[in-house]
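Biologist: Could you walk me through this one? I'm new to it.

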Amino acid sequence: MNPKEWYWEIQCEKLVDVLKSKKFNAEFIKTRTEAKDRLLELIPREATVGFGGSMTLSQVGIIEALSERGNVIITKRGNPSDPETVESRRKALHADVFLSSANALTRKGQLVNLDGMGNRVASMIFGPKNVFIVCGLNKIVNSLEEAFARIKMAAVINCRRLGTNTPCVHTGECSDCRSPERICNVYSIIERNPGQNQITVIIVGEELGF
Ligand code: SF4
């Protein structure tokens, strides 16, 4: 194992212990491929699955893998102004399983997110009985302050990726816009598992997402 991998393995194992002390299930898994295989083991074949939009989940390939083996995938991606998309996201609140990444994970075990519609953070907190949150190493930060800074950076990149009509797409920085297409509307910090559902955090030993 090279020294960098050794360092991160130790940091991630510590974070797993912190998360467990806050009533989360938590695991460190070295690669995205192993993370996909582990999720396929943990999620029952008959479970309906909702998910929050996430580059991490795309890179892990878990949604396609679940769909291929027959799980019913609920969330329709699309324009938030499309009523069908909104309805689909509402249905995802009642899925058996919800999958997401987090925008940031602090070393104190806080999951920090910023959402456009709020459906992703709502589903993480209350609704689906089994929630899986997949985080690459790049999501780990030292403090809430760092978490909010990284979230804003990711929001600007996401706007560029999505091609939103927001000023950050042109300037490369957030101006706290009032654009109708603003994606930064709902912040959440999950300090501790509230306990109504089972939340499993899977930390992957690779950089994933923004
Ligand atoms: S608040 Fe507006 S400008 Fe700032 S990152 Fe979000 S969408 Fe872009």
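Modeller: A nonpolar core is a set of buried Ala, Val, Leu, Ile, Met, Phe, Trp, Tyr and Cys residues joined through C-beta atoms within 7 Å, where buried means 20 or more other C-beta atoms within 10 Å of a residue's own, all placed from the backbone. This is a predicted model, in which local features need pLDDT of at least 70 and side-chain atom pairs count only at pLDDT 80 or more, while totals for chains, interfaces and linings use all residues. Numbering starts from 1 along each chain as its sequence is written.

Biologist: Which residues touch the most other members of the largest nonpolar core?

Modeller: That core has 50 residues, and I133, V134 and V201 touch the most other members. Leaving aside residues up to four places away in sequence, I133 touches S100, S101, A102, L111, M124, I199 and V201, a contact being C-beta atoms, placed from the backbone, within 7 Å.

Biologist: And the sheet, what's the strand order?

Modeller: The open sheet has six strands, ordered β1-β10-β7-β4-β2-β3 with parallel pairing; strands are DSSP runs of E, at least two residues, and helices of H or I, at least four, numbered from the N terminus, and strands pair if DSSP finds at least two bridges. Because β1 (25–29) and β3 (72–73) are at the edges with a single partner strand each, one side of each has no neighbour in the sheet. Strands β7 (residues 130–136) and β10 (residues 198–204) are joined by seven bridges, and V131 has I199 as its bridge partner in β10.

Biologist: Switching to α7, which of its residues are buried?

Modeller: They are A147, I151, A155, V156, N158 and C159, and these pack against β5 (104–106), β6 (111–115), β8 (140–141) and α8 (168–171).

How values were computed. A residue is buried if 20 or more other C-beta atoms lie within 10 Å of its own, exposed if 12 or fewer, and partly exposed in between; C-beta atoms are placed from the backbone. Two residues are in contact if their C-beta atoms, placed from the backbone, lie within 7 Å.
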